[in-house]
Amino acid sequence: MVKESYSIRNRLLVSGYILLTLFAVSAYYLTDRYAARTAQLSFDRLMVGAAYQLAENVPLPNGDVRVNVPVAAFKTLAQAEEDKAYYSITSDRQGWLTGYENMPLNSDVKEQSLMFSRQLSPAPFFYEAEYKGETLRLLIISRLITETNYSDVVHIVLGQTTLARQQLARETRL
């Protein structure tokens with residue numbers, strides 16, 4: 001009834017295989033997260049640039065918000081050739097102005113847009129939602145527009161499908 005013990009060599013080999021496997025799995029996971037985050041940041045920056053271009057082209061002559069949609073904003077978004085872009089521009093006083101009327105907004109986004117009117121230079125708020133059967137990465141940004149006797153807060157919701165992000169993440173992983 002003598003128990004056989006594993007040799008030191010076998011113990012070291014098994015321990016080494018386990019450590020290498022853990023290292024490989026960890027490296028794959030970290031690379032995957034890095035690739036996804038890099039793709040997300042890259043395309044988010046393009047969306048922010050397009051949203052600011054839209055926001056800068058919303059004048060308030062005589063108290064009526066006007067929207068001059070710049071072609072450059074959509075050319076910026078066209079860097080992701082496979083993706084579709086959706087937008088909506090609304091104001092607190094006039095309601096819907098242009099774009100898609102039924103852009104997805106959840107309670108967090110509505111709360112965030114209320115906070116926008118209390119900030120001088122609000123940061124974009126990002127979120128994801130389903131719209132027209134596709135997953136969109138959306139942002140909302142608001143701008144306080146003031147003239148001599150008028151002021152209004154304009155909210156811009158800009159969304160883009162995520163195909164190019166996913167493709168860039170896959171390419172980065174390799």
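Me: What share of the residues of the protein count as buried?
Reply: This is a predicted model, in which local features need pLDDT of at least 70 and side-chain atom pairs count only at pLDDT 80 or more, while totals for chains, interfaces and linings use all residues. Residues are numbered from 1 along each chain as its sequence is written, and side-chain values use heavy atoms, with hydrogens and water left out. Buried means under 20% relative accessible area, exposed means over 50%, and partly exposed is in between (1.4 Å probe, protein chains only). Of the 174 residues, the buried share is 34%.

Me: What pattern does the protein follow along the sequence?
Reply: Helices (H or I, at least four residues) and strands (E, at least two) are DSSP runs, numbered from the N terminus. There are four helices and five strands. Read along the sequence, they give α-α-β-β-α-β-β-β-α.

Me: How are α1 and α4 oriented to each other?
Reply: Helix α1 covers residues 8-56 and helix α4 residues 163-173; they pack with axes 8 Å apart, at an angle of about 140 degrees. Axes are lines fitted to C-alpha atoms, for helices over the stretch in contact, and angles run from 0 to 180 degrees between N-to-C directions. Under 35 degrees counts as roughly parallel, over 145 as roughly antiparallel, 65 to 115 as roughly perpendicular, and the rest as oblique. The two helices are therefore oblique.

Me: Which residues of α4 make the contact with α1?
Reply: Contact means heavy atoms within 4.5 Å. On the α1 side, the residues include Y28, F43 and M47. On the α4 side, they are A164, R165, L168, A169, T172 and R173.

Me: How are the rings of F74 and Y87 arranged?
Reply: Rings of Phe, Tyr and Trp (its six-membered ring) pair if their centres lie within 6.5 Å; planes under 30 degrees apart count as stacked, over 60 as edge-to-face and the rest as tilted. The whole structure has five aromatic pairs. For F74 and Y87, the centres are 5.3 Å apart and the planes are at 55 degrees, so the pair is tilted.

Me: Which parts of the chain does the pair of F74 and Y87 tie together?
Reply: F74 is partly exposed, at 28% relative accessible area. Y87 is buried, at 15%. The two are 13 residues apart in sequence, so the pair ties together helix α2 (residues 71-77) and strand β1 (residues 85-91).

Me: How are the rings of Y86 and Y100 arranged?
Reply: Y86 is buried at 6% relative accessibility, whereas Y100 is partly exposed at 31%. Ring pairs also link both of them with Y131 into a cluster. The centres of Y86 and Y100 are 5.1 Å apart and the planes are at 70 degrees, so the pair is edge-to-face.

Me: How far apart are the C-alpha atoms of D83 and T162?
Reply: D83 lies in the loop between α2 and β1. D83 counts as buried, because its relative accessibility is 11%. Leaving aside neighbours within four places in sequence, its contacts include T161, T162 and L163. D83 and T162 are 79 residues apart along the chain, yet their C-alpha atoms are separated by 6.7 Å.
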